[in-house]
Each structure stands twice: as C-alpha cells, then as structure tokens.
Amino acid sequence: MEEEEFLNSGDHQNLIRHSIERYEEMVRNKDAYFFDVDAFLSIIDYYIEKNDPIKALQVVEFAQDQHPASVEFLLRKAQLLAMVDRLENALEILDQAERLTPRDPDLYMIRGSIFSQQQRFEEAVESFNKAIPLADELDILYLNLAYVYQSWGDYNKAIDNLKLSLKHNPDNELALYEIAFCFEFTDRLEDSVDFYTRFIDIQPYSYTAWYNLGNVFNRLGRYAEALDAYDYCLVIKDDFSSAYFNKGNTLANLLRYAEAV
C-alpha cells in the first residue's frame, strides 16, 4: 500500500477498536451512547469473529433502536439467528428485509444458507440463483452454491460451481481445496489432473494448485510427476509444511528413504 493508504488503514482499525471499547463501556455503565451505522456494523462483526453471536445480537438490538430504518441490521440479525439455530425466526426477518430492499444479494445468500441448513436444497439453489445478477463477489456466491450441492449429494454440480468460483477469483483457496475434495470423492482423478493442468497454465504461481496436483499424481501412483508438482509448490511457498510432508511420503513410495527423511 501507499504510505497514505497504510496510515488510513491504521486509522480505520483504531476507530473500530475505539468503537468496541466505547460500546463495552456503555454496557458496563448501563448507559446509552450514540453510534453511527458503520460503527455498529464493525462492533457486530467483531463479536461474530469472536464466535459470540449472543453478544452480537445484543448489539443489533441497540443498533435497531438507534437506526430503525437501516436494513443492514435486519440482515445481520437474520444471520445471527441462523447461527444460534433460530432458523424460522431468521427467515421471518429476511421476509421483512425483502419487503424493504428486494435487490440486496446478501438477503438471498443468507436465505439460501438457511434453506441448506434445513435440507431444503432446491429452495436453497433457487435463492442463491436470485443473488447471481445482483452480487459483486461471485466467487463466494458460487462457492456457497457448491456447498449446497455437496450437502445435496450432487458432487458433479458442486464441481461445476467451484469452477465458476475460480473463474471469477483464481485466488480463492477454499474453492481450490473443495474442488480437489469433490474430484477425489467422485473418483474423477484424471479430470482433476486435467483441471489443475489447465488452471496452472493460467495461474502458474498458485502454490495451492501445484500442491493439489501433486496429491492427485500421488493417488494415481505417478510419483515422479507428484515430486515435480511439490517442488514447484515449494519454490513458490518454501514454508508450506504440508507439501514437505507429502513430498516425503512420495519419496518413500519411490524407496528413496534417505531423501524422504
């Protein structure tokens, strides 16, 4: 980052920290302080990251009292209710939000995730599809669709959506690991080799892709090619312990025990 951007980033983090401290002081003093919408959202996200949905829900209640017209808090509330397994309540909140802002992609993504939790997979897919023309981060959307298809037991459609996720963001490591799992689960190892080879042609510095390709070659017994893949991976990321571990196993499979050790 440029120096000014770096300083602004530090200022932003300080503002978030100050908002959290001020909010916790308010709760301790049983008082009522004013926070703007962005400050409340930062505090809510802080408690979500700490895996404390109950405290985050308490913040939402304060936020809605001060900003009753803000749809963002309805969406956060639905997300948090889903986290504590109050799924029907969450869906009711999303219905309220949809009446206010029917073109918000987060609304359909949260609803799709809830439907998936309820094993209402067809409705989940329909909900995520509604978000596609509205969303900016399409890689995340297609990744979530892939999760739905995995839960539904349709791993081939999961693979199709993971490919779309990686098309929109080749750096999405979660999608790269998920597609490796799906190819292995469906015993499509040769398809996996073909996919990673094509992917690496476009993204030659993806250490995750080289690592996963090495794993596939290992399972196919193509140990020399696996070693090459792990070596490329380690040239790009020389502290990747999993690649060293798997390379050691590959060398052992080739009876090159001293090198393996």
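View 1. Gln64 counts as buried at 19% relative accessibility, where buried means under 20% relative accessible area, exposed means over 50%, and partly exposed lies in between (1.4 Å probe, protein chains only). The model shown is predicted, so local features are given at pLDDT of at least 70 and side-chain atom pairs only at pLDDT 80 or more, while totals for chains, interfaces and linings use all residues. Residues are numbered from 1 along each chain as its sequence is written, and side-chain values use heavy atoms, with hydrogens and water left out. Gln64 belongs to helix H3, residues 53-66, helices being DSSP runs (H or I, at least four residues) numbered from the N terminus. Apart from residues up to four places away in sequence, Gln64 touches Phe73, Leu74 and Lys77, with contact taken as heavy atoms within 4.5 Å.

**View 2. Val60, also placed in helix H3, has a relative accessible area of 0%**. Val60 is therefore classed as buried, and, leaving aside its neighbours within four places in sequence, Val60 is in contact with Ile44, Phe73, Arg76, Lys77 and Leu80. Between the C-alpha atoms of Val60 and Ser19, which are 41 residues apart along the chain, the separation is 14 Å.

**View 3. A salt bridge joins the side chains of Arg76 and Asp45**. The N to O distance of this pair is 3.1 Å, a salt bridge being a side-chain nitrogen of Lys or Arg within 4 Å of a carboxyl oxygen of Asp or Glu. Because Arg76 lies in helix H4 and Asp45 in helix H2 (residues 37-49), the pair ties together parts that are 31 residues apart in sequence. Asp45 is partly exposed, with a relative accessible area of 26%. A search of the whole structure finds 13 salt bridges.

**View 4. Asp95, Glu98 and Arg111 are linked in a network of salt bridges**. Glu98 counts as partly exposed at 25% relative accessibility, whereas Arg111, at 9%, counts as buried.

**View 5. Helix H6, residues 105-117, is mostly covered**. The helix has 13 residues and reaches 19 Å from its first C-alpha to its last, close to the 18 Å expected at 1.5 Å a residue, the expected span being 1.5 Å times one less than the number of residues. Of the 13 residues in H6, 10 are buried, including Leu107, Tyr108, Met109, Ile110, Ile114 and Phe115. The cover over the buried residues of H6 includes helix H4 (71-83), helix H5 (87-100), helix H7 (121-131) and helix H8 (138-152). At the start of H6, a side-chain oxygen of Asp104 comes to within 2.9 Å of the backbone nitrogen of Asp106. Just after H6, Gln119 takes a positive phi of about 60°.

**View 6. The side chains of Glu190 and Arg222 meet in a salt bridge**. The N to O distance here is 3.6 Å. With Glu190 in helix H11 and Arg222 in the loop between H12 and helix H13 (223-236), the pair ties together parts that are 32 residues apart in sequence. Glu190 is partly exposed, with a relative accessible area of 47%, and Arg222 is likewise partly exposed, with a relative accessible area of 27%.

**View 7. Tyr205, Val235 and Ile236 make a nonpolar surface patch of about 360 Å²**. Patches are made of residues with over 30% relative accessible area and no salt bridge, like charges being joined within 9 Å and nonpolar side chains (Val, Leu, Ile, Met, Phe, Trp, Tyr) within 5 Å. Accessible areas come from the Shrake-Rupley method with a 1.4 Å probe, and for residues only the protein chains shown count as cover. Tyr205 is placed in the loop between helix H11 (189-202) and helix H12 (207-219), and Tyr205 is exposed, with a relative accessible area of 69%.

**View 8. Gly153 is placed in the loop between H8 and helix H9 (155-168)**. At 48% relative accessibility, Gly153 counts as partly exposed. The C-alpha atoms of Gly153 and Ile20, which are 133 residues apart along the chain, are separated by 42 Å.

How values were computed:
Helices (H or I, at least four residues) and strands (E, at least two) are DSSP runs, numbered from the N terminus. A polar contact is a pair of N or O atoms within 3.5 Å; within protein, one must be able to donate a hydrogen and the other to accept it, and residues adjacent in sequence count only if both atoms are side-chain atoms.
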